Amino acid sequence: MGPNTNTSMKTAAFRDHACDLDNATALYLLQRVSAKDQDAFVTIHRAMGRRVFAFAMRHLDSAEQAEEIVSDTMFEIWKYPQRFAGLSKFSTWVLGIARHRILDRLRAPNRTTEALTSDIEDSVPSTDESAYDGMAALQREGGVRSCMDKLSIQHRECMHLVFYEGMPLGEVARLQGCPENTVKTRLFHARRKIQNCLRLLLVGEGHTISRVATHA
Amino acid sequence: MHDELDSMLPWYANDTLDDRERAVIAQQLLLDPAMRREITFWNETAIHQRRSAAPAAEDIGLLRTLERIRRQTHMSASTKGNASSPPPPSGWSRWLRPDGWLRPAFACALLVVIAESAFLVGHVTQPDVTYRGATPAATLATPTVALEESLLSVVFDPATSEAEIRLLVASQSGWIVGGPGNGGEYYLAVPRDKVVSATDALRANHSIKQVMAATSVPRPQ
C-alpha cells in the first residue's frame with residue numbers, strides 16, 4: 001500500500017464520525033446546557049455517546065461497564081458544561097473525562113489489570129520484519145487482532161486515539177497527559193510488540209519464519 | 001532523521017500531519033522500501049482499529065443519563081424545600097389560618113377575578129400546541145417566532161439520522177420549531193443576522209435536499 005492509497009483512505013477512514021462536533025457548535029450547545037436545556041444535551045449525547053463507548057470498550061471487558069462510563073461522562077458534562085474552554089477539540093475534552101472515569105474504575109479493588117505478557121515483550125528479538133511481511137493477508141489480520149488484544153492498556157488506548165479517533169499527535173499527548181515523544185515511543189513499542197507476538201504465533205503453529213516467508 | 005520520520009508514520013497514516021511534514025514523508029516513501037513496509041503496517045492497523053471498535057446504538061447510555069438528571073433535579077428541588085425553614089407566623093397567617101373565615105372568602109374572590117380575566121383575554125393568547133426545540137420555544141400562536149429570528153423550511157435526506165439533524169441545526173445556531181410537514185420539511189428558527197450564511201451552509205450540506213425561507217409554521221395535520 002503506497003502513499004497514494006493512504007491519501008485516498010483519509011475521507012473514508014478518519015473522518016467517518018458522521019456526528020463530529022466542531023468546537024463552535026459544541027460551545028453553542030454547552031451554553032444551552034448551562035441553561036439546563038435537555039434538548040441541547042441530548043444532541044451532545046447522541047454525537048459523542050458511541051465514541052465514548054468505543055473508547056471505554058478498549059479498556060474494559062464489559063459492555064455494561066462501558067455504558068456506565070458513557071453515562072458518567074455525559075452526566076459530568078451536564079453538571080459542568082462551562083468547564084470546556086475550547087482549548088482542545090471538544091471530542092478530546094469529552095474523551096479526557098471518560099478516561100478519568102475509566103482509570104477510576106480500573107483502580108478499583110478486585111480489578112485485575114491486563115498487561116502484555118513478558119514472553120511477548122522480551123523473548124524474541126524484534127529487528128526481523130519477516131514475521132509480519134511473511135504472513136498471508138487473512139492470516140495476518142487474525143494474528144494482528146489477537147496480538148492487539150494482548151497489548152497493554154496504554155498502548156491500546158494510543159492505537160485507538162490515533163487510528164479510530166484520527167487524532168493528531170498533540171491531541172493524543174494532551175489526552176494521555178504525556179509529552180509527544182512519549183506517545184511516539186508508545187506506538188513504536190506497540191508495533192514491536194505486535195510483530196513479536198506475530199512471530200510467537202507462527203512459531204506456536206509450527207512454522208519457522210523462513211518457511212512462512214516462502215509461502216507468502 | 002530516518003527514525004524521526006518513522007515515528008511520524010502513524011500520523012501520516014491518519015492524515016493529520018501538516019503539508020510540509022507530509023511532503024517530506026511522501027518523498028521518503030518513494031525512495032525507501034522499509035518505510036513502505038512500515039506504512040503498510042500502520043494502514044492495516046488503522047483498518048483493524050476501525051473494524052474492531054465496539055458497535056453501539058446512537059442512544060447508548062442516554063436513558064440512564066436522563067434518569068440521573070431527573071433524579072438530581074428532583075433531589076436538588078427537595079433539598080431546597082427542606083433547607084428553607086418555615087417562617088414564623090405573621091399577623092396575616094394568623095388571619096388566614098385554616099379554621100379562619102377570611103381564607104375561604106379570599107379564595108372565592110380570587111376565583112371571580114380569574115374567571116373575569118379569562119373571559120376578557122379570551123383564548124387567543126393560549127397556544128394550543130407548543131413546539132419545544134433547542135430553546136427558545138415557539139408557539140403556533142406566535143408562529144413567526146421572535147422578531148430577531150428568521151424561519152427556514154428544510155427538507156433533510158431521509159437517510160439522515162436524528163443525531164445528524166440535531167447537529168446540523170445546532171451548527172447554524174438554530175433550533176427546530178416545527179415539522180415534519182406533508183413534504184417532510186422541518187421548520188428552523190435561526191438568528192436573523194445569520195440567516196444568509198445558515199441558508200448557504202445548509203444548502204451545501206449533502207444531507208439536506210431543500211432549504212427555503214418560510215414565514216410561518218403550519219399547524220400539524
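Me: Which residue just after α7(B) takes a positive phi?
Reply: That's Ser173(B), at about 55°. Helices (H or I, at least four residues) and strands (E, at least two) are DSSP runs, numbered from the N terminus. One caution: this is a predicted model, where local features need pLDDT of at least 70, side-chain atom pairs count only at pLDDT 80 or more, and totals for chains, interfaces and linings use all residues. Residues are numbered from 1 along each chain as its sequence is written, while chains are lettered from A and ligands numbered from 1 in the order in which they are written.

Me: Okay, and which residues are buried in α7(B)?
Reply: Ala163(B), Arg166(B), Leu167(B), Leu168(B), Val169(B) and Ala170(B). Buried means 20 or more other C-beta atoms within 10 Å of the residue's own, with C-beta atoms placed from the backbone.

Me: What do they pack against?
Reply: From chain A, α2 (23-34) and α3 (38-59); from chain B, β4, β5 and α8 (195-204).

Me: Switching to those strands, how do β4(B) and β5(B) pair?
Reply: In the antiparallel sense, over three bridges; pairing requires DSSP to find at least two bridges between the strands. Gly178(B) stands opposite Tyr187(B) of β5(B). Their hairpin has six residues between the strands, and Gly179(B) there has a positive phi near 105°.

Note on methods
Buried ≥ 20, exposed ≤ 12 C-beta atoms within 10 Å, placed from the backbone. Contact = placed C-beta atoms within 7 Å.
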